[in-house]
Every structure is written in C-alpha cells, then in structure tokens.
Amino acid sequence: MIGPDRILGISAGTVEEARAAEKAGADYIGGGSCVWDLHEKRRQNLSVEKLREISASVSIPVVAIGGINRSNVGELSGSDVDGIAVISALFGAERPGEAAAELAELAKEIRDSE
C-alpha cells in the first residue's frame, strides 16, 4: 500500500516478531522499549541480551528505541544494534543539533566497540 519508494520499520520485542517483520518486508526493526520510558514509566522492556538475540535472528538492521538519551545510551553496549532512535533526547535539548551529534558519536563508539 505504501509503494516501492519507502523505508518500512516494524517494531519487534521478540525474535519471532523480528523474523515475521523481516519476512513481511520490513527494511529495519525497531527494537524497544529499551531504557527508561518517561511516558509509560517502565524500565528496560528489552534487555541487552534480548536485543542481541533479535539482531542475530534477522539480516536487516535493528535500531534500539525508547527513552534513549545521552545519560543512558551506554546501557545499550553489547546489544549489537545497528543504531538508535531518539526523539525526546533531541526535542528536549537546548541545542538539538549538538545533542544529535553527541548521540551519534556515542552510538558509533558503542557500535565500534562490539
């Protein structure tokens, strides 16, 4: 329905959901919620181990999502995710551009250390 010129991300919280999303045509998996979620008051729905399992189960990128910011992005170390998705960490920042650059560098450091 969305046509060929699109990028489709599908949220997954289990290996089974990730595999089904890939089979259904997802271009990437949004794995989360990963860390503290201020809106839903929950902590680390998906563990680093679960994110690693999901990443290993599919051939498409897995992006961690959910409450990620400068102070907690390090908690994703060892997860083997391909990237992070951030919203409130940027919209809540005084200087969103600087916050984005800093988070990108922190995410790259985590990825490079794995």
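A residue counts as buried when its relative accessible area is under 20%. In this predicted model, S79 has a relative accessibility of 0%, and S79 is therefore buried. The residue is found in the loop between β3 (62–65) and β4 (83–85). Its side chain reaches the backbone oxygen of L76 at 2.7 Å. Leaving aside residues up to four places away in sequence, S79 touches V48, L51, R52, S55 and E114.

The protein chain holds 4 helices and 4 strands. Read from the N terminus, the elements follow the order β-α-β-α-β-β-α-α. The chain has 114 residues, and 32% of them are buried. Among contacts with a separation of 6 or more, 53% join residues 24 or more positions apart.

Other residues of the loop between β3 and β4 were examined in turn. N72 is found in this loop. Its relative accessibility is 8%, so N72 also counts as buried. The side chain of N72 reaches the backbone oxygen of G67 at 3.0 Å. E75 lies in the loop between β3 and β4 as well. With a relative accessible area of 28%, E75 is partly exposed. E75 and V48 are 27 residues apart in sequence, yet their C-alpha atoms are 7.9 Å apart in space. V48 is also one of the residues that S79 touches.

D80 has its place in the loop between β3 and β4 too. Its relative accessible area is 30%, which means that D80 is partly exposed. The backbone of D80 has a phi near 65°. This is a positive value in a residue other than glycine. Most residues other than glycine have a negative phi.

Helix α2 (residues 48–57) was considered next. The buried residues of α2 are V48, L51, I54, S55 and S57. The buried residues of α2 pack against β1 (9–12), α1, β2 (28–32) and β3.

The packing of α2 with α1 can be described in detail. Two packed helices are described by the angle between their axes and the distance between the axes. Helix α1 (residues 15–23) and helix α2 pack at an angle of about 30°, with their axes 9 Å apart. Angles under 35 degrees count as roughly parallel. The two helices, α1 and α2, are therefore roughly parallel to each other. The crossing of α1 past α2 is right-handed. On the α1 side, the contact is made by V15, A18, R19 and E22. On the α2 side, E53, I54 and S57 take part. The contact residues divide into 3 nonpolar, 1 polar and 3 charged. I54 and S57, both in this contact, are also listed among the buried residues of α2.

K23 is found in helix α1. With a relative accessible area of 77%, K23 is exposed. K23 and V58 are separated by 35 residues in sequence. In space, their C-alpha atoms are 9.4 Å apart.

R6 is partly exposed, with a relative accessible area of 32%. Not counting residues up to four places away in sequence, R6 touches G25 and D27. R6 and D27 are 21 residues apart along the chain, and their C-alpha atoms are separated by 9.0 Å. The side chains of R6 and D27 make a polar contact at 2.7 Å.

Helix α4 (residues 96–112) contains L103. L103 has a relative accessible area of 4%, so this residue is buried. Beyond residues up to four places away in sequence, L103 touches N69, R70, V73, I84, V86, A89 and L90. The C-alpha atoms of L103 and A85 are 9.9 Å apart. Along the sequence, L103 and A85 are 18 residues apart.

Terms used: Residues are numbered from 1 along each chain as its sequence is written. This is a predicted model: local features need pLDDT of at least 70, side-chain atom pairs count only at pLDDT 80 or more; totals for chains, interfaces and linings use all residues. Side-chain values use heavy atoms; hydrogens and water are left out. Buried means under 20% relative accessible area, exposed over 50%, partly exposed in between (1.4 Å probe, protein chains only). Contact means heavy atoms within 4.5 Å. Axes are lines fitted to C-alpha atoms, for helices over the stretch in contact, and angles run from 0 to 180 degrees between N-to-C directions. Angles under 35 degrees count as roughly parallel, over 145 as roughly antiparallel, 65 to 115 as roughly perpendicular and the rest as oblique. A crossing is left-handed if the near helix is turned anticlockwise from the far one by less than a right angle, and right-handed if clockwise. Ala, Val, Leu, Ile, Met, Phe, Trp, Tyr, Cys and Pro count as nonpolar, Asp, Glu, Lys and Arg as charged, and the others, Gly among them, as polar. A polar contact is a pair of N or O atoms within 3.5 Å; within protein, one must be able to donate a hydrogen and the other to accept it, and residues adjacent in sequence count only if both atoms are side-chain atoms.
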